[in-house]
Amino acid sequence: MLTRRHIRVKVMQCIYAITQSKDDSLEKQEKFLRFSIDNMYTLYLLMLSLIIEIQKRGSDQLRISSKKYLATEADNLPDQAKFVNNKLLLQMVHNEPLLAELKKRKLDNWYLNEEYVKIIYNNMVSSAAYQKYMSVKGSTYAEDKEFIITLFKEIIAPDEKIYDYFEDSNLTWVDDIPIVNTYILKMFKKIKSDQSTSFFLPRLIKDKEDVEFAKNLLRKTLLKDGELTKEIEGKTPNWDKDRIADMDAILLKMAICELLNFPSIPEKVTINEFLEIAKEYSTPKSSIFINGILDNLVKEYRKEGKLNKIGRGLI
């Protein structure tokens with residue numbers, strides 16, 4: 001689920017937290033890094049849990065409507081239970097490993113905040129996509145899947161109230177929401193009718209290499225702060241650390257640290273990754289400023305034989 005770029009962003013957030021709090025405890029930041037990464041998986045599970053609760057809400061509404069004496073607009077639908085019986089939804093609702101994980105982590109957020117489920121459900125029912133889906137009796141797995149993709153992409157993911165809820169619950173989730181939403185969308189597009197139950201519980205981090213990468217990038221950037229600062233000063237004659245944005249300084253130090261201490265990552269990958277992060281998290285001109293400094297440093301390091309790169313590397 002987490003790519004190397006996401007890991008770099010997590011490390012950046014930890015270092016930024018240190019600069020703002022003036023707390024230079026490495027142990028505390030390593031714990032925060034692990035917590036931030038693990039918490040992203042919690043966000044992913046909560047998103048899936050929300051979709052399950054929407055199906056349950058639909059089931060409850062169907063049961064209530066069956067006991068009404070007066071006809072409603074829903075009575076004109078060819079199959080009122082079509083949404084509730086959506087084949088992709090049922091894969092999630094009856095997925096024992098997923099339900100067990102939600103229970104183990106005590107993720108009952110939507111039970112305690114059911115108004116959000118109601119909001120999403122009502123928005124869905126009033127949408128043109130829902131009306132179109134429900135107007136036809138019966139559906140294939142592909143059609144059911146397409147509707148859930150539309151539901152997630154057009155109604156759940158963009159909902160501002162859900163966004164605000166996550167932001168209020170955990171500040172680190174603000175940057176995680178787009179990553180998690182994109183992953184869930186890709187997951188829905190890949191899923192098949194005979195998918196194994198483990199499909200909904202992917203590994204958060206691909207392998208031990210990525211875990212070590214995260215830990216080492218944080219540790220080495222913090223422990224070599226003085227050396228990295230001098231590297232920047234040498235390439236900016238008029239350098240004034242008080243005038244450079246905190247985020248630019250952090251990204252430069254991380255990039256230089258990666259260039260010098262991670263031989264399996266090509267310098268081109270390092271530069272491109274940090275330029276993309278700068279575009280998203282720093283000032284409009286940051287990527288140009290950072291690119292100029294890194295480009296000069298790479299040329300210098302090559303002449304001095306400091307870049308001992310091996311293999312193809314990973315993004």
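Author: Helices (H or I, at least four residues) and strands (E, at least two) are DSSP runs, numbered from the N terminus. This is a predicted model, in which local features need pLDDT of at least 70 and side-chain atom pairs count only at pLDDT 80 or more, while totals for chains, interfaces and linings use all residues. Residues are numbered from 1 along each chain as its sequence is written, and side-chain values use heavy atoms, with hydrogens and water left out.

Reader: How many helices and strands are there in the protein chain?

Author: Along its principal axes, the C-alpha trace spans about 80 × 40 × 35 Å. The count for the protein chain is 15 helices and 0 strands.

Reader: Is Q13 in helix α1 buried or exposed?

Author: Q13 lies in α1, residues 4-21, and it touches S36 and D175, not counting residues up to four places away in sequence, where contact means heavy atoms within 4.5 Å. Buried means under 20% relative accessible area, exposed over 50% and partly exposed in between, with a 1.4 Å probe and protein chains only. Because its relative accessibility is 14%, Q13 counts as buried.

Reader: Is K106 buried or exposed?

Author: K106 is placed in the loop between α4 (96-104) and α5 (109-112), and its phi is near 55°, a positive value in a residue other than glycine. With a relative accessible area of 68%, K106 is exposed.

Reader: Which residues touch the most other members of the largest nonpolar core?

Author: A nonpolar core is a set of buried Ala, Val, Leu, Ile, Met, Phe, Trp, Tyr and Cys residues joined through side-chain atoms within 4.5 Å. The largest one has 94 residues, and those touching the most other members are Y44, F83, F166, F188 and F200.

Reader: What is the relative accessibility of I54?

Author: I54 is found in α2 and touches F83, V117, I120, Y121, M124 and I156, not counting residues up to four places away in sequence. Its C-alpha atom is separated by 9.7 Å from that of W110, 56 residues apart along the chain. I54 counts as buried, because its relative accessibility is 0%.

Reader: At roughly what angle do the axes of α6 and α8 cross?

Author: Axes are lines fitted to C-alpha atoms, for helices over the stretch in contact, and angles run from 0 to 180 degrees between N-to-C directions. I120, N123 and M124 in α6 meet F147, L151, I155 and I156 in α8, a contact with 6 nonpolar, 1 polar and no charged residues, where Ala, Val, Leu, Ile, Met, Phe, Trp, Tyr, Cys and Pro count as nonpolar, Asp, Glu, Lys and Arg as charged, and the others, Gly among them, as polar. The axes of α6 (residues 114-125) and α8 (residues 141-156) come within 11 Å and cross at roughly 115°.

Reader: Is α14 roughly parallel or antiparallel to α15?

Author: The axes of α14 (residues 267-281) and α15 (residues 286-304) come within 9 Å and cross at roughly 165°. Angles under 35 degrees count as roughly parallel, over 145 as roughly antiparallel, 65 to 115 as roughly perpendicular and the rest as oblique. The crossing angle therefore makes α14, relative to α15, roughly antiparallel.
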